[in-house]
Structures are given as C-alpha cells and as structure tokens.
Amino acid sequence: MGYFEGFAVTLKKWGEGVTTKEYRGGRTDRKGHISDKDQKSPKPERLHGRHVLNRYEDGMEKCIGCELCAGVCPARCIYVRGKDNPADEPKSPGERYGFVYEINYLRCIHCDLCVEACPTEAITETKLFEFSFTNRSDAIYTKDELLVGDDGRPQNLPWEDWREGDDRDTSGWMRATSPSGRASYLGTPSWSGELGYGVRSGDLAQTAKDASSTERSSHDDDDDEHGGHH
Amino acid sequence: MTATENPESPAPEAEPGVPFTLNGSELTAKAGELLIDAAQRHGVHIPHFCYHPRMTPVGMCRMCLVEVDTGRGPALQPSCMLSVTPNMKVNTESEPTTRAQDGVLELLLINHPLDCPVCDKGGECPLQDNAYAFGPGESRFVEEKRHYEKPIPISDLVLLDRERCILCDRCTRFASEVAGDPLIHFIDRGAQTQVNTFPEHEFSSYFSGNTVQICPVGALTAQPYRFAARPWDLAEVESTSMVDSTGARVAVQSSQDRLVRIQGVDSDATNWGWLSDKERFAYEATDSTERLTQPLMRNDAGELVSTRWNGAIKRAVAALTDAADPRRIGVLGGARLTLESQYAWAKLLKGLGAVDNIDAQLGDGLPADIVLGLPRATIAEACEPGGVVVLLGADPKEELPTLYLRLRHAVQFDGVALIEMSPRATSFGDSVAARLNPLPGAVGHLAAALAEGMVGTSIGGIAPAQLSTAHRLLGSGRPVTVIVGRGNLAESPEIVVSALAALRRANPDVRFLSALRRGNVHGALEMGLTPGFLPGGQGLDVELPGWEMAPQSRGLDATGILKSAVNGTLDTLVLLGADPLEDFADGTLAAAAFERLGTVISVDTFMTASTSAADVILPAAMFGEADGTFMNLEGRLSPVRAKVTAPGQGRPDWMIATDMAAAAGGDLGFTTLHDVRAEIAARVPGFADIDWASDLGAEDGPLVRPLRTWTVSLSETAPIPPADDYGLRLVVDRKLWDNGTMVTESGSLRPLIGDAVLGLSPADFSRLGLSSGDDVDVTIAGGETHTVAAVSDNRLPVGAAHIPFALNSVRAQSFLSAGEPVIELRVRPS
Ligand code: SF4
Ligand code: SF4
Ligand code: SF4
Ligand code: FES
C-alpha cells in the first residue's frame, strides 16, 4: 500500500514547474538572476579544474606511465597502464609511456595530489571548472581527451565551456610544492619546456611576500587581480 | 623473539650460545651465527644489499657495516661477513655506523640513474628503502653519471639495465652457486665493472627469474612483468605452485583482476624461495585467449555450440547414466585439480557412479600402490647432510626444477652422495658420486647386482669402479633416499619397480621420494583418482559412508582405458583436465581410442586437442582462480588460493561435480569448500587432525603420513627383453619447455620450446658416420619409419637413443607403444 504515498509525492510535484536554470556561464547578478552578459565567474589563479596531460616542446608526451598519480590519488579515480615505448615511434622520452590514462570525474575531488606526485609535470590542472556530462562514459576522460593538442592547448570537448583565454596557464605554475618535495622550500622552482609555451620562467616563489613582488614573464595575465594562493 | 631480547634478563646459563652485546643489550647468538642474522633474530635490522640468507656472504656492498668491538677497540666491520664471537660489543646506531651508511649510500647513488618512476622495482626497491631510511638525503655529486645502453636482453625472459646495477653479486652468485648455470659474470674493471653474459651465450637458465626477484635494485627485470603494474596496485595472496609436484610456495599477484606476477616465497620445507621460470611465468596462460569460457555441446550437425550450464550438465549426466555398465566408462586426468575437487570427483564417480576405470596418470607414472605404499622421505630428509640419494628417474632439472635446486645444494654443500641410475646422465654432471646409466630395461638387473654386491665386473658398460662406489654407499649406514619417477617413457614401469625392490633388498631402511611430476598427482592418488583405491589408499572393500555405490572390482589404468576404447568395451570417456591425444605416451593408441569412443566429456580450462574432440565441454576455473589445497610429492599439504575471477562462466571443478551429482538425482553431501574439507577429514585416514585454517597458513604445510592398510609387495621379476645387437634402445623423457598447455599458452614461454632431435651416444654416432644435425631414418620395432635430425649426446650410454617428449618438429609420441617393456630402434643415415 505504501507505494501509493510515493506516487502522491510525484503528483504533488507535477505542477511545480522546473527549477533547473539553463547554464549561461554561471555569472549571476546581485539579486541572483542570470545576467545577460553570459560571463564566467572569476576564479582564483590556482583553482584546480579539469586536468590536462602536457607535452614537451617537440611534441613528446611528458607522461611516462609511472602510475605515481594513480597511486597517490585519494579518490582512486586515475587508471594508468605503462608500456614499452615503440622503438620506431616513441611517444615519450625514455623506455616507458602511459598507454592508458583515464580520470573518472565522477570521483575526482580536484585535490591536485596527482599533480604533486607527477615526476615529469605531465599531469596538471587547468582552471576549467565548467564541465558537466550526462553519462558515465563522458565523465571518464581518456588519454585522448586529456592530452593537449598539437598547439599545446587543451582539447575542447562538447560538454565543456571554454572561453577566450581559458586555455592558457594550464600547467606549470599550479604546483604548490617544490620539485624536491620539501614543503619548507622557498626557492624558485623551474619547469621543463612545454609545447605551445616554451620554457617558462620560474614559478612564483612560495612566500606571500615574494608572491606579490614576483613577475611572471612569459605572458600577461589579465586575471591577475583574482590570483592568490591557497 | 625470545626472552633474551630483554636486557634485564640475560640468557639462562643452560642455553648454549655465544653471549654478545648489541646496542647495549646482552644477547645470545647461536654458535657460528652471522652477526647480521643474530641481530635480525633479536629484532635489530641491519641494512644490507648483497647479503642473502640462502647464499654465501661475499661482503660486496658494505651497506651492513656496523661498529664492532672485540676487545681491540671499536671498528667498522661488515656484519654479513662476521660470525658473532663471545663478548663482542656491537653498535648499529653509533655515529660512525650512521656515517658509514650515509657514505655507502651516497657512493652507490653516484652512478645510479634514479629513474625510479619508470623502473619496475620502484616502490619495492631495497635501494629506495635504504636510501630513505639510512641515506644522507643529499648528494654532493653534480657531474655526469655513467651511461650504458638502457636495458639489454640477457635472455628471452630477463633484461639487464647496467646503469642501475650496484654490483652486489647476488645474481651472479645465484647463477653459479645455486642454479649451477654460471652464465652471467662481472666484466671490466673499476667504474666500468658491469654484470654481463659471455659473448654469444645468453643467460638461458631455467632459474633466471630468481635473479630478478633477488636483485636489490631494478637492474634485472622480467620481460613478462615489464611495465605490467606498479607495486602499489598489486594485490597478493600466498599460494602454492601447481606447475609441478614440488609444491613451491608462491605469492600470486594481480592487478585489475589479472594475474601479473608470481614471486617465490621462502619455505624451509620446499623451495627456499626459489622458483623455476615455469613456475614463475606460466601464470600468463591464465589470460590466454584459448581459455574455455562457457559450456559447449556438440549439436546434431557435429559442431560445438555454446550452451547453458544446465543443459551441458544434463547432457553429461545422461551420457554417464546411459552407459548402463560403469565398466563402459573411463576417466582420465585429475592432477590439475585441487585436493577438494579431486575428492568431489572421486566421490561422484566412484562413490555414486561405481566407476573404477579412473587414472590421474597418463601412462607416464608408476602404479599407485607403490607410490602410496612405500615409506616416504621428505625433501629435507633426502637432503640431510651426509646422506645418500639414489636417483631413479629423469633429470630433476627438467621435470622438477625446484627440487633439483634443493638436491644440488645438498650435493654441493652438504656432502650428500648421489648415485645416478637414470637412463641418461643428468644435470648434476661430475658432482655425482657414482654414475650408473643403464640401458633401458637393464636397471632392475643393475639394482639386483648392487644388492648382491656383484660389482667386480662391468655391467652393461658401467665401470666396476662406479658399481663398487654405489654398492659401498648403499651399505655405508648413511641414510639412503631413493628418488623414483619414470625416467624413460619408453621403458615399462614394472622395470622401475623391480629396481625399487632390489634397492630395498640392498638396504631395508631406504626411504623413497616420489618424482612423479604432474601438478597435484599425489593428491589425486591420495583422493582415489586411480584404479583400485578409495581415498587415503583404502581398498575397494572398505565401506565409506556416502560411498555406497563404490566399485567392487579393480578398474583399468590409462592404458587399459584407451585399449578398451579401441576394442569397443568402453565407450564413454571423462577428461578431468587431461589431453590424452597430446599427452598420453602412446599417441597412436590415444588417436585410435578417440576414433571409436562414443561420448567424450571434458572438464577443462583450455581448448586442447582432446577437448576439441569432446561432445560436452565444461569450463573450469584454473590456478589462481579457485581456492583449494595442494599435496606435494612429500605428501605435504599447502594452500592454493584464488586471486582473480575465472573468465566467463568457468567454475571450480568441485562445484561442477556437485552439480553433476544433483542432476543425476544424487547428493555429494557438500555445498561449500569447508564442507568438502570436513568430509575429507572424516573419511580419509591421515586427514583427521589437519586444521585446514591454521595448518595450511603455516610456513611449511602439514605432512600427511597415513598408516596404510596394506604392505607393498614389490616384484623383482620384470620382463627383461633380450638384447638386440643391431638396434638401439629408446629413451624418451621430458624437457622443461615442452608443448604442455601451460607453456604453449604463455606468450613469453612458447618461443622457448625447442625442436626435438635424436641423440645418440658419441660411439654410436661416429659408428654411423654422422655429423651433427644429419638426418637419419629411424625404424621402430613395429615397422614405422621416421626421418629425424641426429646429434651426438655424451649423456647417453652406448646402445641408447634419446628423444625428448612433446617438443616441436618430431612427435616422440608416435615412437612409443604402451605396454612394451622397451622400444628398439634401427637407425640408418638418410
Ligand atoms: S585531483 Fe585528486 S582526486 Fe582528482 S585525480 Fe588528482 S589526485 Fe585524484
Ligand atoms: S601523469 Fe605523471 S605521475 Fe601520472 S603516470 Fe604520467 S608521468 Fe606518472
Ligand atoms: S644486476 Fe642486480 S643482483 Fe646483479 S649485481 Fe647488479 S644489483 Fe646485484
Ligand atoms: S650486506 Fe654485508 S657487505 Fe653487502
């Protein structure tokens, strides 16, 4: 008998109308209405968004399939398998490359621990946060989808909202700790050259004082006022 | 851990031992114990690389330096090279010790490439662990490191990355000291010192995988595991290898529900941590595309089509019940199964079905009453220092490689004298005490001559000196163990039995160790998958509750089953993981039997030649996919554990048996593995006291030594064929890499299977005027002629010809005929 009560809930909600709003970039005005300007909300400089797999300047993949990211991931959402680099057409420098790389965004908590663990700066997070999907297989990003394109820019997938300028700063400077792994490190970490960007200058130094005085020189960043460390 | 750990309570006076001081605690070491071992036993870990408890210490790496004061003031000494002496004072934590550890690690890391992220050892690497725990944390070395070509294959299975090598000498020591295959060595000097093979000789050892396991860095990696997984995504269970009957203890490791690696586990009783490459790498077969994944049935058009379990089981049961007379049913195989599955199938077939034509051996074994009834030795007893071992079987290196390592150690280091009575000289080479390689058929005579002391004149070309050494050793009062198997498939088992009888007459205290090689064959015999016996070696007259339909008269063995199939008195055959078409010694007989058989039911894991000729095929779970118990050649029980899921609808064999019983309207009386074990404990003498939960978890499983209800009668009279002055006598034995399913279905092992050639003794070879590789025409007594390449084989006695079983290019099967005492050949240059 109890299940008629369940139907009653359905019937009661029938006439209430749809509360889901159409996605328009996410910026709302003070009154909570969607603004006409269809703009994205500003985001902190070090926001952890959708990942990319980077390439070296010569187009070689940085990922070596070492599974360190998969090992450290607290959400257990990364699946990596390594393989011998094909001798005639190596995918990455050295013996090994990642031939399977998957991140399940139904589980990822964007903690960035994978980025910290990566010994080659292969996996980093962009600031893209405006992506949603309607089925599980879209939610599991494969290596083909994560790898940057021939210009070093992230691929734009149909369910992602990339805007002008969003595809910059997708790597490098987002890492919180220094390469030597010491949290107390105060120097300037440096990064390997990257497809589409070349060799970047060192990262912002790690203290708040240094942060305000250090300039990054590879390009201008008009969102600087929103930047910060967290 | 003992009370002596506590500094407040020094060892009682009565306890013999060497008193010493370790980090301020008064402790006791055993006489002659190495400092590194004594410290470990008392809970103090001294970091080390080159020291391995199963090999001679060499002091190569200096990682184990500790501060030792023997009365002349403290000094740094390598604890792996130093036996504890009375009142020695040791400090493993002093400033000089830690400075030494820092220094050793900094130096080791100078040339180490630190490519941990791409290194298969990364995450389980002693160099990483020691560098974190005992290293300086920083390196002062900024110069360019030494470079070598990245991994070079040193064999088909092993890769060597010389940049990572820390020159610990473990692999090279293993190769020469343990395996006896000194094929890798240090070359060059100074900073250029490197491990390498000899030019033109690869490291083709049956034991090469062990070097990968013991290398303390990632310098040696295994091709089959290369980049397959990382240590942190491996899941592991401890299990027992079912590849052969030694029962080596293994860790079975999987990643993403696939078996990816097998490592040796150190068990004092069996393998000492070592594995043969077959035990180590044959897991690849689990993943083979040839696995059976669903029940299959032959339809009216004669094609195999997939079906549901229900239908397949019904059809199988119908075939068995249609046979009306259980004597028209034959069953082959069962050595692949776990003990529990063997019991379930034995109960189904014998207890419920009154079938006794059951044989787990395929014409390559020994009569079950001999194997079950002789006084058994353990491996440790056979290898007891100062003992005597008689080898009455094939080369253990080919058939039971881990047992070979134990025996080799006993011969090399523990003064065990080996009397070799195998048909062909074995891999023990010159280390045997007496080499008696009789011509096929003559081993009974030879043993009788030894028993009677008629050793003054040469027998069949064996020198009197060898004979009298053997005779003296047998009567010397030293413990004697006979390792007995079927060294020659072309010689009837009665001849081997007659030799056993004579040896027992020569020394009534002699013990026996079975060298039957098939996986769990000893479990199969113990559980009654052999004609004439109920489980536990109980006779057919014993009344077992639940076995009401047990057969009344002794059935046929494998040869008898196939012969009855040929003459039409048997028409239904059940295969329990057996492939008689490829694996039965007499290939012609097996083929003829399959021509005439009515219904064949196969319970198997692979689509083998015999399975593809079956009418009903039931897919079973294989090693690594089902829980159970293994019985090794000593009668020792150890666990077999599931790690991955069987592909498709494959199920454990014992469950298939319970379903068959239910479909036949019966009941085996068990529904869980626990039930099966409880029933085995209740029905099988010798199992009553086994505590399956705790005993099987123990490092060396429990030995089952049941009291037999009969005394073995060994007959010394065997048919001795008259010598044929023109012919040669055939020796057929097995190689490790043969066309067995586990090898052919393992991608990395398949290429190792060689071509069969006919071996002739050097004298016969030159008498025939041959040069190596020449084709010869071989005519078998029956009249068939085959053309084979011949080589000179100095392991053979004059008058013998050797061909290995189940290799490529020549089917040795077609040379054999079951029941013949020996096989005579005529060889002529083509
Ligand atoms: S951000 Fe965190 S949760 Fe997401 S993939 Fe990386 S490690 Fe896993
Ligand atoms: S992304 Fe980095 S950490 Fe992850 S597998 Fe690739 S190289 Fe290793
Ligand atoms: S290869 Fe490995 S086991 Fe052999 S010497 Fe080098 S470090 Fe030692
Ligand atoms: S462990 Fe003692 S010197 Fe290597």
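Five salt bridges were counted between chain A and chain B, a salt bridge being a side-chain nitrogen of Lys or Arg within 4 Å of a carboxyl oxygen of Asp or Glu. In one such salt bridge, the side chain of A:Asp84 meets that of B:Arg226 (2.6 Å, N to O). The structure is a predicted model, in which local features need pLDDT of at least 70, side-chain atom pairs count only at pLDDT 80 or more, and totals for chains, interfaces and linings use all residues. Residues are numbered from 1 along each chain as its sequence is written, chains are lettered from A in the order in which they are written, and side-chain values use heavy atoms, with hydrogens and water left out.

The contact (heavy atoms within 4.5 Å) draws 13 residues from chain A and 17 residues from chain B. About 1,300 Å² is buried between the two chains, 49% of it on carbon and sulfur atoms; buried area is the accessible area (1.4 Å probe) that two parts lose on being put together, summed over both. On the side of chain A, the greatest losses of area to chain B fall on A:Arg81, A:Glu95 and A:Arg96, together 48% of what that side buries.

Within chain B, strand β28 (residues 628-631) and strand β29 (residues 637-640) pair in the antiparallel sense over four bridges. Strands are DSSP runs (E, at least two residues), numbered from the N terminus, and two strands pair if DSSP finds at least two bridges between them. B:Thr629 stands opposite B:Pro639 in β29(B). The hairpin of these strands has five residues between them, and B:Gly635 takes a positive phi near 90° there.
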